[in-house]
Amino acid sequence: MNNDKPLLSLEHVSTFYGQIQALDDVSVEIRAGEIVTLIGANGAGKTSLLMTLCGDPRASSGQIFYGGRDITRDDTANIMRSGIALVPEGRRVFSRLTVEENLSMGGFFTEEQDYRQLYRHVLELFPRLEERLTQRAGTMSGGEQQMLAIARALMSKPRLLLLDEPSLGLAPIVIQQIFDIIARLRDEGMTIFLVEQNANQALKLADRGYVLENGKIVLHDSGQALLVNKSVQEAYLGG
Amino acid sequence: MGEAGFYFIQQLLNGITIGSTYALIAIGYTMVYGIIGMINFAHGEIYMIGSYVAFAVLAGLALMGVDSIALMLAAAFIISIIITSTYGFAVERVAYRPLRNSNRLIALISAIGMSIFLQNYVRIVQGSRDIAMPSLITGGWTFGPADEFNVTLSYMQVVIFIITFITMTLLTLFISKSRMGRACRACAEDLGMTRLLGINTNQVISLTFIIGAALAAVAGVLLGLYYGVINPYIGFLAGLKAFTAAVLGGIGSIPGAVLGGLILGVTEAFTAGYFSSEYKDVVAFSLLVLILLFRPSGILGKPEVEKV
């Protein structure tokens, strides 16, 4: 991978839901191997940004490049088959499918031998899932469902993993586990775009961070710099 | 066992026969509703087309001098399934897919329009008269005393039981074990998420319409042969009955559609047998009204849960 060019870049992207503007001239870059985080208050447009780069909804203006290719007008299903995987807000595991079936939905297009290897890998990352393979996903706890949502995304063998508030609604000890896994995935070479309200933990982990306010990027710096930034501390780190 | 007992068994057999064909049609309603949340009101017409194709195949084979019943049945089923599925697929592409993102009411109106269109299309092409289906399978077994009321189980009824059972088994295996079946279940639960996993949900939706139409075609062949008469209007009532069965069992649930179909068929048969056959539709649709009033989610359906 050529490190000069970003793996993913959004250039001056705006998005509308009907008449309502969710994103306003947003530019974001993610390089291969980085963890980049996006922080912002509720309703700032964090999920809209992730969904726009998945093509749902499509950007109204601006361009999105992934691996050097313009994907702005691509169909969502095509984008998600090109090496991008999403762990969506609220997990959205298939609650009536078993854990094993959920994983196989994630790896729907993965080739046989890759599939077996990934399968072993995610069960090693999340041993809890192995105990529950034949259980319906809906019967599991929130933390286990979050682990399943991450495992499902990994089954498609992504180069870029998008995580939308993976810590939301989870107990502190589970949040720690999730962040440990994210760190481990980074060490394995995964590129990660992490959207979080839990700004403190996200910034500690991230190489770089963006701050989104009312659909606009208002700040952009290294994770460490943002952690000590006065206005970030006041707005997102509880002063 | 006395005469009353034999009479009871006869009504039960008749009810299960009709009920299993309702179940076949109802699955088409319930699968489509389960995935895209719309009632495909043209589905009854798809069933009617299934009957007409079977008639055309049987008439054609008869002209060619084919007299093997097994061959005629096999040809009727296979060709009817293929052609009827094509109609099911086309209806979705033409009348529903362009409206996928619009208000649900608009798709519903389009469905009703499609239903009227198909009915009149068959009427113009085939004429509105009743058409007699060739009686391929005649005779049956009789149980009970010869001088009193006795139970007749016709060979045609046995064929309906066996074909329905095989079809349901194949469908169950497909839905529960196959890769595309899993995708169908995932779509039924969260269409958007399934697309976010890279799956072409339009293909899954098309597949649902094709499966529903194929099952309706099976019902079309079976009921056409059972009643012996078809016309362009049979889809209307059969469609409404199957829709009732789907709602009764819990729309969106495949086992629910089967259960609803059987309950509806048996209820109708008992109404006809013990009361008056003129009231069987009244009772069937009263059942629909009651279920909508007191248990709108149906027998096996889950109450509407807010998605998070």
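**Entry 1. Domains of chain A**

Domain bounds here come from an automatic or database domain assignment. I keep in mind that this is a predicted model.

I looked up how chain A is divided. Domain 1 takes residues 1-83 + 159-239. Domain 2 takes residues 92-158. I then checked the spacing of the two. The C-alpha centres of domain 1 and domain 2 of chain A are 23 Å apart.

Next I asked how many residues of each domain are in contact. Domain 1 of chain A gives twelve, and domain 2 of chain A gives eight. Which elements of domain 1 give two or more residues to that side? I found β7 (160-164) and α7 (172-187) of chain A. The largest share is from α7(A), with three residues. I also sorted the domain 1 side by class. Eight of its residues are nonpolar, two are polar and two are charged.

**Entry 2. Chain A against chain B**

I moved on to the contact between the chains. Chain A puts in 20 residues and chain B puts in 13. On the chain B side, α6 (179-189) and α7 (191-196) of chain B are the elements that give two or more residues. Which of them gives the most? I noted α6(B), with four residues. By class, I listed six nonpolar, two polar and five charged residues on the chain B side.

**Entry 3. A hairpin in chain A**

I turned to β1 (residues 8-17) and β2 (residues 20-30) of chain A. In which sense do these strands pair? They pair in the antiparallel sense, over seven bridges. I picked out one residue of chain A and looked across. A:Ser9 stands opposite A:Glu29 in β2(A). Then I looked at the turn. Two residues lie between the strands of this hairpin. There, A:Gly18 takes a positive phi near 65°.

**Entry 4. Two helices in chain B**

Last, I looked up α2 (residues 43-63) and α8 (residues 201-227) of chain B. Their axes come within 7 Å and cross at roughly 55°. That angle falls between the cut-offs of 35 and 65 degrees, so α2(B) and α8(B) are oblique to each other. Is the crossing of α2(B) and α8(B) left-handed or right-handed? I noted it as right-handed.

I then listed who makes the contact. From α2(B), the residues include B:His43, B:Ile46, B:Tyr47 and B:Phe55. From α8(B), they include B:Gly212, B:Ala213, B:Val221 and B:Leu223. By class, the contact of α2(B) with α8(B) has eleven nonpolar and six polar residues.

How values were computed: Residues are numbered from 1 along each chain as its sequence is written. Chains are lettered from A and ligands numbered from 1 in the order in which they are written. This is a predicted model: local features need pLDDT of at least 70, side-chain atom pairs count only at pLDDT 80 or more; totals for chains, interfaces and linings use all residues. Two residues are in contact if their C-beta atoms, placed from the backbone, lie within 7 Å. Ala, Val, Leu, Ile, Met, Phe, Trp, Tyr, Cys and Pro count as nonpolar, Asp, Glu, Lys and Arg as charged, and the others, Gly among them, as polar. Two strands pair if DSSP finds at least two bridges between them. Axes are lines fitted to C-alpha atoms, for helices over the stretch in contact, and angles run from 0 to 180 degrees between N-to-C directions. Angles under 35 degrees count as roughly parallel, over 145 as roughly antiparallel, 65 to 115 as roughly perpendicular and the rest as oblique. A crossing is left-handed if the near helix is turned anticlockwise from the far one by less than a right angle, and right-handed if clockwise.
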